[in-house]
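Please keep the structure open while reading.

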Amino acid sequence: MAFFSVIIPLYNKENYIESAIKSILNQTFTDYEVLIINDCSTDKSVEKVTPFVSEKVKLIHHEKNGGLSVARNTGIAHATTNYITFLDGDDVWKPTFLETIHQLIINYPEARIFGTNYEEVYESKTYQPHNGSSVLADGFTGYINFFKINVRQGIYNHGSVCFHKEVYENVGNYNPEIKFSNDIDFNIRANYHFKLAYSNTVQMSYLMEVQHQITRNSILHKQIPNYDAYENWAKDNPDLKKHLDFFRYVLAKKLKKDGDTSDWKKIVQSIDAKNLNWKQKMLLKCPQSLLLLVDKVKSILIRYGIKISTYSK
């Protein structure tokens, strides 16, 4: 039995999937299986994957398109190992990703979640995310409080994290009903029950300007996470409450930009304003037109090597 199961949910990534697979095959730690879940791709993704299929690399086909959560859950069901990790078909790992995760597993036996830092790759430049990792020393490894530090961009990306199968057995799999931020919903459940060991080294590259990315699409009429379901957990955990309010802010801003003022109001009512910084409070009050203008300005600045964010104080 291999040590890691690497799951690739695949839907229409013909221009990227070869690079993703090669980044796995080039790992310095080689004891793994690869499970590629074809979620009914309509482009040449399967054609690009087929030459890589072997005893180590399996291709599994869905009979109908189920979405990201369903594809991940299919991979989990077919995984034969104790340690499960993911890589989207348009992202890549650094050669030492699995080696770094393996070392975290050895050094921090109380953890069941193992994550690393990552980088954001744009056409013009590569950036470090505004994810709170700057409060950690360069090269830091150790246990961290996920909810306390994870109130900006994700401290790990879902392509830079590994879960022991006990996590899924305890908290369940990805909710197939949620069509936006399903990984955030899962992260809340997982990190509430299990410890996270973290390496503040960049081990994964997240491509930011890719077609078919869920985060780039409208969320109108899509099932979104119900963060209110975790309020009981947050009563005695102020770090979790702040975490929930931050992601309510992110969700509310997205809804307003998409023109959904009804759900926007419901979500904003659940936010404790003291958990947001002044920039976030201001943006929540802005009209849709101004929020869309801000996005355009940020996109222009990115091309000139300038990345701004409301996630810092």
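Helix α12 supplies the largest share of the lining of the largest cavity, 4 residues. The model is a predicted one. Both α9 and α12 give at least two residues each to this lining. The structure holds 1 cavity of 30 Å³ or more. The space in the largest cavity comes to about 50 Å³.

Which residues line the largest cavity? They are Lys 253, Lys 257, Leu 283, Leu 291, Val 294, Asp 295, Lys 298 and Thr 310. By class, the lining has 4 charged, 3 nonpolar and 1 polar residues.

Two of the lining residues, Lys 257 and Asp 295, also form a salt bridge, at 2.7 Å from N to O. This pair links distant parts of the chain. Asp 295 sits in helix α12 (residues 288-303) and Lys 257 in helix α9, 38 residues apart. Is Lys 257 buried or exposed? Lys 257 counts as buried, because its relative accessibility is 19% and the limit for buried is under 20%. Asp 295 is partly exposed at 28%.

The charged pairs come next. Side chains of opposite charge can pair when their charged atoms come close. A search of the whole structure finds 13 salt bridges.

| Asp 228 | Arg 248 | 2.8 Å |

Take the bridge between Arg 248 and Asp 228. Arg 248 lies in helix α9 (residues 238-257), and Asp 228 lies in the loop between β10 (195-207) and α8 (231-234), so the bridge ties together parts that are 20 residues apart in sequence. Arg 248 is buried, with a relative accessible area of 2%. Asp 228 is partly exposed at 40%. Both residues belong to a network of salt bridges that also takes in Glu 231, Lys 241 and Asp 245.

Now to a residue in helix α7 (residues 182-193): Ile 188. Ile 188 is buried, with a relative accessible area of 0%. What does Ile 188 contact, leaving aside its neighbours within four places in sequence? The contacts are Phe 147, Tyr 227, Tyr 230, Trp 233, Leu 240, His 243 and Leu 244. Leu 244 is 56 residues from Ile 188 along the chain, yet their C-alpha atoms are separated by 8.7 Å.

Backbone angles close the report. Most residues other than glycine have a negative phi. Cys 40 has a positive phi, near 65°. Cys 40 lies in the loop between β2 (32-38) and α2 (45-49). Its relative accessible area is 22%, so Cys 40 is partly exposed. Ser 181 also has a positive phi, of about 65°, although it is not a glycine. Ser 181 is found in the loop between α6 (165-171) and α7. At 13% relative accessibility, Ser 181 counts as buried.

How values were computed: Residues numbered from 1 in each chain as written. Predicted model: local features only at pLDDT ≥ 70, side-chain atom pairs only at ≥ 80, totals over all residues. Heavy atoms only, no water. Salt bridge = Lys/Arg side-chain N within 4 Å of Asp/Glu carboxyl O. Buried < 20%, exposed > 50% of the residue type's maximum accessible area, 1.4 Å probe, protein only. 1 Å grid on protein atoms, 1.4 Å probe; cavity = no way out; pocket = protein on both sides within 12 Å on 5 of 7 lines; lining within 4 Å. Points joined across faces, edges and corners; volume = space filled by probe spheres on them. Nonpolar A, V, L, I, M, F, W, Y, C, P; charged D, E, K, R; others polar. Contact = heavy atoms within 4.5 Å.
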